[in-house]
Amino acid sequence: MEGSQPVAARQGEEASCSSWGAGSVNTNLPNMPTESVEIDDALYSRQRYVLGDTAMQKMAKSHVFLSGMGGLGLEIAKNLVLAGIKVSKCPWAEAVLQHITELNPYVHVTSSSIPLNETTNLSFLDKYQCVVLTEIKLSLQKKINDFCRSQCPPIKFISADIHGIWSRLFCDFGDEFEVLDTTGEEPKEIFISNITQANPGIVTCLENRPHKLETGQFLTFREINGMTGLNGCTQQITVVSPFSFSIGDTRELEPYLHGGIAVQVKTPKTFCFEPLEKQIKHPKCLIADFSKPEASLEIHSAMLALDQFQENYSRKPNIGCQQDSEELLKLATSISETLEEQPEVNYDIVRWLSWTAQGFLPPLAAAVGGVASQEVLKAVTGKFSPLCQWLYIEAADIVESLGKLEREEFLPRGDRYDALRACIGDTLCRKLQNLNIFLVGCGAIGCEMLKNFALLGVGTGKEKGMVTVTDPDLIEKSNLNRQFLFRPHHIQKPKSYTAADATLKINPQLKIDAHLNKVCPATEVIYNDEFYTKQDIIITALDNVEARRYVDSRCLANLRPLLDSGTMGTKGHTEVIVPHLTESYNSHRDPPEEEIPFCTLKSFPAAIEHTIQWARDKFESSFSYKPSLFNKFWQTYPSAEVVLKKIQTGHSLEGCFQVIKLLSKRPRNWSHCVELARLKFEKYFNHKALQLLHCFPLDTRLKDGSLFWQSPKRPPSPLKFDLNEPLHFSFLLNAAKLYATVYCIPFTEEDLSADTLLNILSEVKIQEFKPSNKVVQTDETARKPDHVPVSSEDERNAVFQLEKAISSSEATASDLQMAALSFEKDDDRNGHIDFITAASNLRAKMYNIEPADRLKTKRIAGRIIPAIATSTAAVSGLVALEMIKVAGDYPFEAYKNCFFNLAIPIIVFTETSEVRKIEIRNGISFTIWDRWIIHGKEEFTLLDFINAVKEKYGIEPTMVVQGVKMLYVPVMPGHAKRLKLTMHKLVKPSTEKKYVDLTVSFAPDTDGDEDLPGPPVRYYFSHDTD
């Protein structure tokens, strides 16, 4: 926030800025006391949308103790420091401390010198709000857990462990832990169409708008006409149907007339935890894989056996040691009998736990670290539902599909990959090293993926292996909160180059090629078929569906595996796409986002989202679209005189009337800009309301006799300008500044003062409202018209205005230029968000809609995706686990997609979607991964192509399509003649194009049925290409 003091460390505490791999101390960002309530929005904006300011301020004042110096502890520390929580860790290596400290200039990171063992006096922990243990034996965990519970209030306790391919996470936040917001979702607002007078009263939503509520939730009511006794009341509801719910007894209330909004009320919820000692015997587990519901208890008993093994022998089982495996099995059997559920001992789990316990799987640490870090945030903020109380995440699919392997495969070789080798074997390690990976996107997920690549040794092979990463974006300050490879001194440098350099500091053996390109049709000369066929796996780290669909289509065309993932706040997903085994990303389509109807935006807003979108549209129209149109027009025509002559001689010049209007009203100085802004205020917030009420007076009724102005339509109230009103002042000031910017008019600080503005406004003449005969669109299905018709009067007026501008010397070369603005949400100095906030809230006030603060307006107007480092880390770890399976060419059953929401929390692993086989006829079938191939030659005709398909594949095409172009459809006029044309003439390939992908279909079995679909057919223009 420009000019404000961010939340940071307490006064006197050190603050420095850093990187995981690129240690450099930053001095640009200040060290600030936590007493400040301001938050550095430029750094934390995406996280603020996830957590909210109350939680952020609690985090800034919190102090967490973290034990353990291994990979899991580092992952948790990274996530907590990025989030803005002070961390004390025991123990730290000095170099690691520096790198962790550099991650966030507002966070104080310390190293505790107190050893943590059975004899330690634990009273030093009483200054922490949360204790997180990793790599601590179970007996000491119990002791520390008891100490944490004995404090008042209790210290929140979290323990996390990783042993090879197995992990566990445990939370205990005390007997009673109150959560103010269990989900973090925006409270739902439901427009009401009817309420019955009954016991219970039934509330019905507006047509086609499901309420998406759950029984037991609370709602409060407002703006109800008739049954006004409900306004301001809070009621617990019972869901009746997707469009209705019941409330209390409404028989004594007045009859419902119309309107009304029900708003969800967030109610606190208390969670009750049990101590570790008790939970060991009777564990409450979050089940992540419902195909194996019994697995959590089986892993629970096996890992307790491992704890006992370490207690007995002061070591973990040796790799592949049969004797240790048998001993662990005995311990598991005896421990299982002491548990209340007495789960069956799973021999395979015990065997692989014994086999891999000495190993460490970095992606599993990333995933568990992300989840554990989110639990810490819950512990110190009371935001979101905590884990109750155990979570087991494993990577057993990796070893189960390896088959029978020799012990030597897993034994150490004396290099940095020994811990990884103990989990997945040397053969798979070498496969990872020889991988060619194409990483598309280098934002938050991209940075985490590069770290995983470095730790796994991906692309480090001596003969083979390469990581190619591309991202066209430059680093912004808001990236630093999650994209942990970047530092403040990297701002405005390319993401891909910077991330590549930082990754090499983690693993210098990595071979990485960084690009600055978008992956889209325009770059297919770079990312062509040859490029894709050299890649072993494509991994997307993208933030939009359109880009994902394009990359998926390229992977499908070139038979390449694709790993996709994404996050939104605390939610995340991963998807595995493997040639010939699974469906592709494009095989399923989410329903398109609902567009706000044009008439709603223009005249009948009902929610703050409508007014924000309206304000964003006004910004784009006034300061981007119109200036761009103006510049383009005058680049086409050299002077105003030439344009005047063309109009007078009857030429139709596209856009000329809008351009001449802009020229004639062009402000010449700062006073003119203020005047223009004032006139816009009157037009938008006064005359618009008066015009609507002129067209539809308050007592207007529809044909069925119902009132026109009833929910969701809100009648507007005209606003009277008052410079003393902060909202009015903000609109005037920011609009004037933006007009000055696009018209290249300088202004000073003094020009922006209230006194100067008041003096200017005293000279501005405001015309009285005169109603027009314009028709107001009320049809919700109507779309915005592409062109507004120009009347003969408009033409005459344009000629007059242009003649006047020429004669007044106000159509010179400098007058024929404007500076078009590009909307930029993250620069607080440019006034873009300030203008949109003021305009939106003025319109909201005009329609009696609850306004939105600047932060919310920025999110909606900027279409910002809320983001937090915890989800990003978890997603990237899960993707990297699937990447190992793809590298090992695993069978279909091994792959898992995942969806999680860490706020609730829920984690769900599911099987991937198996590829569908499409039958044509006579045993001929295909899948989306199949492609028929036909080789042609120079004089090859369309008929030759059809015959070649018939001869090679046993079925004759009856329709041939290229993209959206129909090459041959028998029923189309003239298409029969095309059979004699050459494929070159029909397709018109560019000189470098070796082939074209065509779609064919076949005659149905029965007349009148639809044609039978066929696979893509790749037609090569000559025999010597393939």
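A charge sits over a ring if NZ of Lys or CZ of Arg is within 6 Å of the ring centre and within 35 degrees of the ring normal. In this predicted model, local features need pLDDT of at least 70 and side-chain atom pairs count only at pLDDT 80 or more, while totals for chains, interfaces and linings use all residues. Residues are numbered from 1 along each chain as its sequence is written, and side-chain values use heavy atoms, with hydrogens and water left out.

The charged end of Lys 993 sits over the ring of Tyr 995, 5.2 Å from its centre. Lys 713 lies over the face of Phe 604, also with 5.2 Å to the ring centre.

Rings also pair with each other. Rings of Phe, Tyr and Trp (its six-membered ring) form a pair if their centres lie within 6.5 Å; planes under 30 degrees apart count as stacked, over 60 as edge-to-face and the rest as tilted. This rule gives 47 aromatic pairs. One of them is the tilted pair of Trp 932 and Phe 1002, with 6.1 Å from centre to centre and 45° between the planes. Trp 932 belongs to strand 28 (residues 932-935) and Phe 1002 to strand 31 (residues 995-1002), so the pair links parts of the chain 70 residues apart; strands (E, at least two residues) are DSSP runs, numbered from the N terminus. Trp 932 has a relative accessible area of 7% and is therefore buried, and Phe 1002, at 0%, is buried too. Buried means under 20% relative accessible area, exposed over 50%, partly exposed in between (1.4 Å probe, protein chains only).

The rings of Tyr 995 and Tyr 1020 are tilted because their planes stand at 55°, with centres 5.6 Å apart.

Note on methods: Helix = DSSP H or I, 4+ residues; strand = E, 2+ residues; numbered from the N terminus.
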